[in-house]
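Visitor: Hi, could you walk me through this one? I'd like to start with a single residue and then look wider.

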Amino acid sequence: QVQLVESGGGLVQAGGSLRLFCAASGLIFSIFAMGWFRQAPGKQRELVATISRVGNTNYTDSVKGRFTISRDNAKNTVYLQMNSLKPEDTAVYYCKGWFINTYWGQGTQVTVSS
């Protein structure tokens, strides 16, 4: 069974950093495109960053220059390094993987205090 498990979320002060992890199992990880999405209370889920199977990346404008998505195919893991965090980054962050079907993790909470 395909499983995506996020970790690394928590509480951080504005200006601080967090590193999120998404561990994948039950899939051929190297052929899947991966991404991070987030959902704040009362808002729609939005794309944060994506990375293709060969490492091409895309970011939403609000995180460019602050967040970095990366992947380690040998470890079946995708990362999101978040620097210079702002209160508006507060959300549940979800890992997504897709090839033919789409799979989602359970989410990890990120809270940024002012």
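Guide: Let's start with aspartate 89, which counts as buried because its relative accessibility is 2%; buried means under 20% relative accessible area, with a 1.4 Å probe and protein chains only. This is a predicted model, where local features need pLDDT of at least 70, side-chain atom pairs count only at pLDDT 80 or more, and totals for chains, interfaces and linings use all residues. Residues are numbered from 1 along each chain as its sequence is written, and side-chain values use heavy atoms, leaving out hydrogens and water.

Visitor: Okay, and where is aspartate 89 found?

Guide: In the loop between strand E8 (77-82) and E9; strands are DSSP runs of at least two residues, numbered from the N terminus.

Visitor: Which side chain does aspartate 89 join through a polar contact?

Guide: That of arginine 66, at 2.8 Å. A polar contact here is a pair of N or O atoms within 3.5 Å; within protein, one must be able to donate a hydrogen and the other to accept it, and residues adjacent in sequence count only if both atoms are side-chain atoms.

Visitor: New topic: how many disulfides does a search of the whole structure find?

Guide: There is 1 disulfide, meaning a pair of cysteine sulfur atoms within 2.5 Å. Cysteine 22 and cysteine 95 form it, with their sulfur atoms 2.0 Å apart. Cysteine 22 is in strand E3 (residues 18-25) and cysteine 95 in strand E9 (residues 91-98), so the pair ties together parts 73 residues apart in sequence.

Visitor: Are those two, cysteine 22 and cysteine 95, buried or exposed?

Guide: Both cysteine 22 and cysteine 95 are buried. Their link is left-handed, with -80° about the S-S bond.

How values were computed. Helix = DSSP H or I, 4+ residues; strand = E, 2+ residues; numbered from the N terminus. Buried < 20%, exposed > 50% of the residue type's maximum accessible area, 1.4 Å probe, protein only.
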